[in-house]
Amino acid sequence: MKTIKQKKVIAIVAHDNRKKDMIEWVAFNWKELADHKLICTGTTGKLVQETLLQKCQENDAFPPDVTRLKSGPLGGDQQLGAHIADGIVDMLIFFWDPMQPQPHDVDVKALLRISTLYNIPVAMNRSTADFLVSSTLFHEQYTPIIKDYSGYISRDISL
């Protein structure tokens, strides 16, 4: 049973056409994010790191730890999915572009599938991300209910 601790590991991903929205959101919510560990894909991680460093310097605060994975199309989405499956990531904030086809659409779908499978909170737009970080649960320990897949794992396979 996975417990989401008070200090969370938050994944942040943004498609190119949504990076501006994501940076504005990070700048607005920097105080909420500063107490948590962040994992980001490629360029998103660089932008998140720069934005949080600037906001924290302006406000004499310590910036959060930001881990940068590969760019999404270069395997970052799959790395992030593995972190979710391994129980490392507690929450996903994904500023995706619904109007632009992505070269890694199958990876995006797999990332959303694995997030659902492991029942982690997912925000795919700014409003939902605002609701997540403003929830009272955001600053508390939380134990999500995870479906028991042991029957699937131990099923008989006829060869």
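Me: Which residue of strand 3 is the bridge partner of Leu-38?
Reply: Leu-38 is bridged to Val-66 in strand 3. From strand 2 the chain crosses through helix 3 (residues 42-58) to strand 3, in a β-α-β crossover that is right-handed. The term applies if, with the strands pointing away from the viewer, the path from the first strand over the helix to the second runs clockwise. Helices (H or I, at least four residues) and strands (E, at least two) are DSSP runs, numbered from the N terminus. The model is predicted: local features need pLDDT of at least 70, side-chain atom pairs count only at pLDDT 80 or more, and totals for chains, interfaces and linings use all residues. Residues are numbered from 1 along each chain as its sequence is written, and side-chain values use heavy atoms, with hydrogens and water left out.

Me: What makes strand 2 and strand 3 (residues 66-68) a pair?
Reply: Pairing requires at least two bridges found by DSSP. Three bridges join these parallel strands, so strand 2 and strand 3 pair. Strand 1 (residues 9-14) and strand 2 (residues 37-40) also run parallel, joined by four bridges. Within strand 2, Cys-40 is the bridge partner of Ile-12.

Me: Why are Trp-25 and Phe-95 called a tilted pair?
Reply: Rings of Phe, Tyr and Trp (its six-membered ring) pair if their centres lie within 6.5 Å; planes under 30 degrees apart count as stacked, over 60 as edge-to-face and the rest as tilted. Trp-25 and Phe-95 are 5.9 Å apart centre to centre, with 55° between the planes, so the pair is tilted. Trp-25 lies in helix 1 (residues 19-28) and Phe-95 in strand 4 (residues 91-95), so the pair ties together parts 70 residues apart in sequence.

Me: How do you know whether Trp-25 is buried or exposed?
Reply: Buried means under 20% relative accessible area, exposed over 50%, partly exposed in between (1.4 Å probe, protein chains only). Trp-25 has 0%, so Trp-25 is buried. Phe-95, also at 0%, counts as buried.

Me: What puts the buried residues of helix 6 on the same side?
Reply: In helix 6 (residues 126-134) the buried residues are Ala-129, Leu-132 and Val-133. They cover an arc of only 90° around the axis, so they lie on the same side of helix 6. The arc is taken from the directions from the helix axis to the C-beta atoms. Exposed Phe-131 and Ser-134 are on the face turned away from the buried side.
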